[in-house]
Amino acid sequence: MGHDHSNHNDKAETGKEAEGHECCHHDHGAAPKHTGPVDENAIYTCPMHPEIEQVGPGTCPKCGMALEPKGLPDPDAGPDPELVDFTRRFWVGLVLTIPVLVIAMGPFVGLPVKDWIPSIGSFPSATVGKWIEMILGTPVVLWAGWPFFVRGWQSVVNKSLNMFTLIAIGTGAALIYSIVATVVPGIFPEAFQKNGVVEVYFEAAAVIVVLVLLGQVLELRARARTGGAIRALMDLSPKTARIVREDGTEEDLPLEHVMAGDLLRVRPGDKVPVDGELTEGTSHVDESLITGEPVPVEKKIGDKITGGTINGNGSFVFKATRVGADTLISQIVHMVAEAQRSRAPIQKLADSVSSIFVPGVIVIAIVAFISWSIWGPTPPMAYGLIAAVSVLIIACPCALGLATPISIMVATGRGAQAGVLIKNAEALERFAKVDILVVDKTGTLTEGKPKLTQMVIKTENLTEDKFLALAASLEQGSAHPLAESIVDAAKGRGIALNKVKDFTSHDGMGVTGSIGKQKLALGNSKMMEAEKVDIAEILEQADELRSQGATVMFVAIDNNFAGLLVVTDPIKETTAEAIATLHKEGMTIIMATGDHKSTAKAVADQLDIDEVWAGVMPEDKAALVKRLQEKGHKVAMAGDGVNDSPALAQADVGIAMGTGADVAVESAGITLLGGDLRGIIRARRLAEASMRNIKQDLFFAFAYNSLGVPVAAGVLYPVFGLLLSPIIAAAAMSLSSFSVIMNALRLRRAKL
């Protein structure tokens with residue numbers, strides 16, 4: 001066993017204050033139109049370049065992405081306006097591109113579509129076909145692809161050339177060239193005419209735009225889902241609170257009207273509205289939201305109450321101490337929001353290569369144009385234009401824009417088949433590099449559902465079934481999860497339950513009642529004390545069972561001690577195998593739990609876990625993850641409760657158990673369906689396979705471009721008389737996209 005830590009006061013940072021930021025004020029005309037109210041004074045940042053910050057919405061000067069507000073999302077805000085806009089552009093572009101593609105490429109697959117188009121007046125069918133392509137293709141490039149031109153222009157203005165620079169130049173050049181070839185074909189040399197018709201490349205330009213739009217939509221969709229976690233957390237607090245006035249009257253108030261110092265009533269089954277201190281009454285409160293532990297905690301006068309937790313069957317009054325943004329649930333929301341800022345995925349690699357590649361391509365296109373214009377055959381300018389356009393089209397990196405999203409799409413599909421849900425590319429990219437796994441105990445390593453695991457009977461002639469029948473009959477009147485585990489055990493054995501008279505629930509102690517002539521009491525040692533039952537003979541054994549992580553309940557019949565019921569939260573069957581395999585793959589496993597030290601240590605010893613942190617609060621878990629990251633580790637966190645969500649969001653990769661809270665699932669990059677920890681091994685292997693695949697895709701994209709560019713520029717012409725026409729350039733560019741797609745599809749057969 002490594003270290004055993006129990007108390008930590010380090011608070012996870014809950015985000016920087018906006019005032020301290022230096023903001024770069026860029027005024028970009030291409031900011032997407034935001035629907036609904038926009039806080040013009042909010043700080044906005046780029047998900048790909050977090051160092052870019054400005055006041056109010058806009059676009060990133062480095063990559064052209066729409067900036068996102070820091071702070072919390074508006075729960076009433078509609079869908080991301082940029083995603084709505086790009087999705088519309090994609091579908092309109094796709095509908096218009098298909099007929100353009102059919103007309104242009106039909107002859108290559110045995111469909112002479114151009115021959116089927118009727119001639120109009122003096123215009124032959126081929127010319128009419130070109131005009132149709134122009135009418136359909138131009139809006140695809142100029143309207144659907146307009147954001148790429150804006151981003152391309154910004155990349156030039158901000159001296160930060162990227163993928164959009166080439167897309168804008170390549171598609172723009174192809175479009176202008178094709179429009180000129182359609183309207184004034186006479187200026188082109190005969191070598192590029194077929195029966196007096198000059199080839200056009202509307203389909204190449206349109207297909208590039210539609211493919212890049214698809215990539216953008218996939219990326220935006222992944223980002224849009226991350227706001228769901230914060231909205232789910234915000235929904236945990238009730239919308240109203242029941243205030244108790246000085247004159248004793250009570251009324252429901254909107255939560256935002258509650259002030260510190262107000263007295264609030266919480267009725268059975270209600271959610272606690274804000275943080276406070278209990279002043280009247282007693283109850284059991286389900287704090288699994290905060291501690292992750294399934295057993296409700298007894299609350300009496302003077303105890304702390306946390307907003308968002310759920311009251312059991314007692315009623316109590318408490319004094320509000322922390323309201324609004326000061327409550328624990330609000331702090332958790334802020335921590336998740338802060339840690340969830342999307343960090344740059346592998347696309348940054350493509351961008352950094354583009355920053356060298358793009359200026360190189362533009363220089364080559366200019367050199368090709370000048371060289372052909374000076375030394376080319378007649379008419380040299382036309383040859384120069386064709387060479388330059390061919391260079392720009394073949395270099396246009398749509399395969400680059402496609403490489404990451406297509407691999408991620410296939411990987412997420414493959415993961416879903418294997419019970420692993422992946423939220424976005426970043427989760428996969430980071431998971432391939434993780435070296436420490438932090439795990440929650442309850443619901444992650446264990447089942448999260450208390451079960452009756454043992455009965456110790458001290459009364460002669462009392463069989464297990466009879467003993468269980470008495471206990472379960474008494475407990476069927478209680479709503480406590482421990483009671484439920486006893487009733488479930490009896491039902492599992494097919495034991496019939498009896499009617500109970502005089503049933504009474506004693507808060508914080510247990511229950512009493514009678515069956516026939518027998519008087520029964522079931523509960524903790526306080527219950528036995530109250531009923532004057534002697535349990536001295538069993539205390540040592542009870543303590544030993546507790547040290548193994550069990551909850552012990554005493555049963556008395558007619559004021560005589562009858563036996564013990566032992567309830568534990570069993571370790572999942574697959575956990576030991578998963579931990580052993582993860583150890584083999586070189587991972588360090590740390591358990592962080594809100595549970596007691598003795599229980600946590602018992603579980604850790606059984607599973608050979610490297611380190612244990614017991615009795616930790618949600619912010620301590622996030623602080624632990626942060627501290628490990630500061631030491632240079634790549635950390636994954638696996639958990640299933642709301643209490644785990646700050647740590648899940650802080651970790652390089654958050655892994656949620658699909659059996660757990662929605663919030664945990666929303667905060668995590670990876671969700672394991674069915675909560676089987678072996679899914680972590682499958683996810684890890686999938687992450688490694690995906691990263692290899694994306695790197696191969698990026699290599700394909702760049703290799704095609706790097707080989708194709710000199711050929712398009714005409715280096716082979718002096719020796720072989722070979723000049724690449726833009727249609728071949730467009731085909732080569734499409735081939736690089738095809739290679740990328742086919743390579744990505746191999747992930748479907750990845751062995752996990």
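**Aromatic pairs and overall picture**

W146 and F149 both lie in helix 4, 3 residues apart, which is about one turn of the helix. An α-helix has 3.6 residues a turn, so residues three or four places apart point the same way. The model is predicted: local features need pLDDT of at least 70, side-chain atom pairs count only at pLDDT 80 or more, and totals for chains, interfaces and linings use all residues. Residues are numbered from 1 along each chain as its sequence is written, and side-chain values use heavy atoms, with hydrogens and water left out.

**Aromatic rings**

- Rings of Phe, Tyr and Trp (its six-membered ring) pair if their centres lie within 6.5 Å; planes under 30 degrees apart count as stacked, over 60 as edge-to-face and the rest as tilted.
- By this rule the count comes to 8 aromatic pairs.
- The ring centres of W146 and F149 are 6.3 Å apart and their planes are at 35°, so this pair is tilted.
- W146 is partly exposed, at 47% relative accessibility, whereas F149 is buried at 18%; buried means under 20% relative accessible area, exposed over 50%, and partly exposed in between (1.4 Å probe, protein chains only).
- The rings of Y177 and Y201 have centres 5.3 Å apart and planes at 20°, so they are stacked.
- Y177 belongs to helix 5 and Y201 to the loop between strand 6 (197-198) and helix 6, so the pair ties together parts that are 24 residues apart in sequence.
- Both Y177 and Y201 are buried.
- One aromatic cluster is formed by F86, F148 and F164.

**Chain as a whole**

- The chain has 25 helices and 28 strands; helices (H or I, at least four residues) and strands (E, at least two) are DSSP runs, numbered from the N terminus.
- Of its 752 residues, 53% count as buried.
- Among contacts (heavy atoms within 4.5 Å) with a separation of 6 or more, 68% come from residues 24 or more positions apart.

**Nonpolar cores**

- A nonpolar core is a set of buried Ala, Val, Leu, Ile, Met, Phe, Trp, Tyr and Cys residues joined through side-chain atoms within 4.5 Å.
- The largest core has 58 residues, and F148 and V361 have the most contacts inside it.
- Helix 6 gives the most to this core, with 11 residues.
- V361 touches L166, V391, L392, A395 and V709, not counting residues up to four places away in sequence.
- A second, separate core of 48 residues includes L437, I589, A636 and L747.

**Strands and sheets**

- Two strands pair if DSSP finds at least two bridges between them.
- Strand 24 (residues 588-592) has 4 of its 5 residues buried, so it is largely enclosed by the rest of the structure.
- Strand 17 (residues 436-439) runs parallel to strand 24 and is joined to it by 4 bridges, with V439 opposite M591.
- Strand 25 (residues 611-613) also runs parallel to strand 24, through 3 bridges, and here I590 stands opposite E611.
- An open sheet of 3 strands has the order 12-11-14, with antiparallel pairing.
- Strand 12 (297-299) and strand 14 (310-311) stand at the edges with a single partner strand each, so one side of each is left without a neighbour in the sheet.
- Strand 11 (residues 283-286) is joined to strand 14 by 2 bridges, with D286 opposite I310.
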